[in-house]
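Welcome! Here is a short tour for someone meeting this protein model for the very first time. Take a look at the sequence and the structure, and then read on.

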Amino acid sequence: MKNLHKIFILILALSYGIINAQLDTMNYLKQFEANKMNYIGQPLSKLLNDMTYIQPKTAWSTANGNKKIETAATTFKFCDKIYSFHNAITLLIKWQNVIPRDQTKYYEQKNGFYFTNDEKNFYGSKIVKDIMVYRY
């Protein structure tokens, strides 16, 4: 019974730490959304350079309506890929100019959607049109 009690307390403590980390990440990213006028019309690299405490872990392309050959936006997630569709904190960047889908697909396939230096260099020069932060 003592071991069961200890396990329960450990699980509770770990859950509290995970929830706090998510709230901290969300609050941190919401600051960038609130100050998005500093980033709109600027290359994504400016935003990424200002994000000193956390960087995206994955990048997912979003098609431009029915035009599957264009990427109009990219969702950046701040969790491992396996958790990307489980209430993940998301930074949505809409691009000033659409990106050809074959270019974004190349990086998605090359690095399995993970946000590596390749993606940082590729997206870094793209111009931000809008920023949204949400939990999806």
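What percentage of the 136 residues in the chain is buried? Buried residues make up 35% of them, where buried means under 20% relative accessible area, exposed means over 50%, and partly exposed lies in between (1.4 Å probe, protein chains only). The model is a predicted one, in which local features need pLDDT of at least 70 and side-chain atom pairs count only at pLDDT 80 or more, while totals for chains, interfaces and linings use all residues. Residues are numbered from 1 along each chain as its sequence is written, and side-chain values use heavy atoms, with hydrogens and water left out.

**The chain as a whole**

The chain has four helices and four strands; helices (H or I, at least four residues) and strands (E, at least two) are DSSP runs, numbered from the N terminus. Among contacts with a separation of 6 or more, 62% come from residues 24 or more positions apart, a contact being heavy atoms within 4.5 Å. The accessible surface of the chain is about 8600 Å², and carbon and sulfur atoms hold 57% of that area; such areas come from the Shrake-Rupley method with a 1.4 Å probe.

**Two helices side by side**

Two packed helices are described by the angle between their axes and the distance between the axes. Helix H3 (residues 101-111) packs with helix H4 (residues 117-124) at an angle of about 165 degrees, and their axes are 10 Å apart. Axes here are lines fitted to C-alpha atoms, for helices over the stretch in contact, with angles from 0 to 180 degrees between N-to-C directions. H3 and H4 are therefore roughly antiparallel, a label for angles over 145 degrees. Which residues meet where H3 and H4 touch? From H3 come Gln103, Thr104, Tyr107, Lys110 and Asn111, and from H4 come Asp118, Glu119, Phe122 and Tyr123. Sorted by class, this contact has three nonpolar, three polar and three charged residues; Ala, Val, Leu, Ile, Met, Phe, Trp, Tyr, Cys and Pro count as nonpolar, Asp, Glu, Lys and Arg as charged, and the others, Gly among them, as polar.

In the loop between H3 and H4 you will find Phe113. Phe113 is not a glycine, yet its phi is positive, at about 75 degrees. Its relative accessible area is 26%, so Phe113 is partly exposed.

| Pair | Separation in sequence | C-alpha distance |
|---|---|---|
| Arg101 and Lys68 | 33 residues | 7.1 Å |
| Ala34 and Ile131 | 97 residues | 9.1 Å |
| Gln96 and Val128 | 32 residues | 5.6 Å |

Arg101 lies in helix H3 and is partly exposed, with a relative accessible area of 24%. Not counting residues up to four places away in sequence, Arg101 touches Ser61, Lys68, Ile69, Glu70, Thr71 and Glu108.

Gln96 belongs to strand E3 (residues 89-100). Gln96 is partly exposed, because its relative accessible area is 42%. Beyond its neighbours within four places in sequence, Gln96 is in contact with Ile127, Val128 and Lys129.

Is Ala34 buried or exposed? With 64% relative accessibility, Ala34 counts as exposed, and this residue is part of helix H1 (residues 2-34).

Notes
Parallel < 35°, antiparallel > 145°, perpendicular 65-115°, else oblique.
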